[in-house]
Amino acid sequence: EGITGLVVMLHGCTQTPEDFAAGTGMNALAERHRFVVVYPQQSRGDNAQSCWNWFSRGDQMRDKGEPAILAGLTCEVIARHAIPGDKVFVSGLSAGAAMAVILGGAYPELFRAVGAHSGLPAGAAKDVPSAFSAMAGREAGSAPRTAPTRTIVFHGDADATVHPSNGAGIVRQALEGGPAQSLQTGAAGAAGGRSYQLSTTYDDVGTEAVEHWVVEGLGHAWSGGQPAGSYTDPKGPDASAEMVRFFFNPSTRQAG
């Protein structure tokens with residue numbers, strides 16, 4: 001049995017890779033589905049709170065700063081483990097989600113889909129003051145895109161750290177440069193004791209392009225996460241499982 005793919009997981013501020021792995025339960029999913037999962041670590045020397053520097057102009061573009069480092073690390077892992085090139089994905093929480101969104105836009109040929117939990121759109125800020133402004137939901141910027149990025153977004157509607165409007169911003173950005181005509185469906189559901197709204201946008205051939213999960217009552221925490229990790233909430237849909245499904249088994253909608 002060969003390796004099915006790679007998921008790069010970017011932790012949030014004040015988190016460690018070990019903590020993030022425990023909280024998301026992604027290792028168990030990796031074993032079950034036979035993919036490699038990598039947890040890059042931000043050093044305190046580069047950010048006092050171990051945040052990825054998504055709000056720094058030098059860390060928002062291809063071949064510069066943190067995106068270049070993370071893309072290089074990803075390519076090394078692909079080569080070492082003979083990972084199928086069309087099955088490479090990146091996901092993150094909070095600052096890690098914001099960096100995952102940057103990577104998806106900067107390296108579309110490398111990262112085939114993005115998972116963003118409680119994150120912000122690429123280009124939402126250019127320095128620390130604008131980062132706090134964007135997190136509060138005030139007039140965040142956004143880097144224009146010329147091609148769509150397959151993206152699954154999770155955000156709690158009670159997130160007091162990163163305003164939920166940022167999740168909607170990621171969705172809008174992910175669809176930029178895509179077909180003018182796309183099909184959108186909405187559904188409401190409940191999982192793990194929380195209600196959620198799920199909006200799905202399909203591309204012109206009927207494949208899921210973007211999923212937007214808004215979880216009611218969820219704060220700044222990984223939905224359906226494990227209590228062993230920080231910034232997790234055991235209630236609600238299992239974000240890790242839903243991301244893996246979206247990455248590896250994109251469903252298509254037949255025009256009816």
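The model is predicted, so local features need pLDDT of at least 70 and side-chain atom pairs count only at pLDDT 80 or more, while totals for chains, interfaces and linings use all residues. Residues are numbered from 1 along each chain as its sequence is written, and side-chain values use heavy atoms, with hydrogens and water left out.

A search of the whole structure finds 9 aromatic pairs. Rings of Phe, Tyr and Trp (its six-membered ring) pair if their centres lie within 6.5 Å; planes under 30 degrees apart count as stacked, over 60 as edge-to-face and the rest as tilted. The ring centres of W54 and F55 are 5.4 Å apart and the planes stand at 85°, so this pair is edge-to-face. F89 and F248 form another edge-to-face pair, with 5.0 Å from centre to centre and 75° between the planes. This second pair links distant parts of the chain, as F89 belongs to strand 3 and F248 to helix 7 (residues 239-248), 159 residues apart. Helices (H or I, at least four residues) and strands (E, at least two) are DSSP runs, numbered from the N terminus. F89 counts as buried because its relative accessibility is 2%; F248, at 15%, also counts as buried. Ring pairs join F35, F89, F246, F247 and F248 into a cluster. R150 lies over the face of F246, 4.0 Å from the ring centre; the criterion is NZ of Lys or CZ of Arg within 6 Å of the ring centre and within 35 degrees of the ring normal.

Strand 3 (residues 88-93) is largely enclosed by the rest of the structure, because 6 of its 6 residues are buried. Both of its faces are covered, with V88, V90 and G92 buried on one side and F89, S91 and L93 buried on the other. Strand 3 pairs in the parallel sense with strand 1 (residues 6-10) over 5 bridges, where pairing requires that DSSP finds at least two bridges between two strands. M9 stands opposite S91 in strand 3. A further 5 bridges join strand 3 to strand 4 (residues 113-117), and these strands run parallel. In this pairing, F89 stands opposite A113. The chain passes from strand 3 through helix 4 to strand 4 in a right-handed β-α-β crossover, meaning that, with the strands pointing away from the viewer, the path from the first strand over the helix to the second runs clockwise.

The largest nonpolar core has 44 residues, and L6, L10, W54, V90, L103, F111 and L120 have the most contacts inside it. Such a core is a set of buried Ala, Val, Leu, Ile, Met, Phe, Trp, Tyr and Cys residues joined through side-chain atoms within 4.5 Å. Helix 4 (residues 95-106) supplies the largest share of this core, 9 residues. Not counting residues up to four places away in sequence, F111 touches V8, T74, V88, F89, V90 and L103, contact meaning heavy atoms within 4.5 Å. A second, separate core of 28 residues includes I152, Y196, L198 and W222.

Helix 1 (residues 17-24) is mostly covered, with 6 of its 8 residues buried, namely P17, D19, F20, A21, G23 and T24. The elements covering these buried residues include strand 1, helix 2 (26-33), strand 3, strand 9 (222-223), strand 10 (232-233) and helix 7. G25 follows helix 1 and has a positive phi, near 65°.

Technical notes:
Buried < 20%, exposed > 50% of the residue type's maximum accessible area, 1.4 Å probe, protein only.
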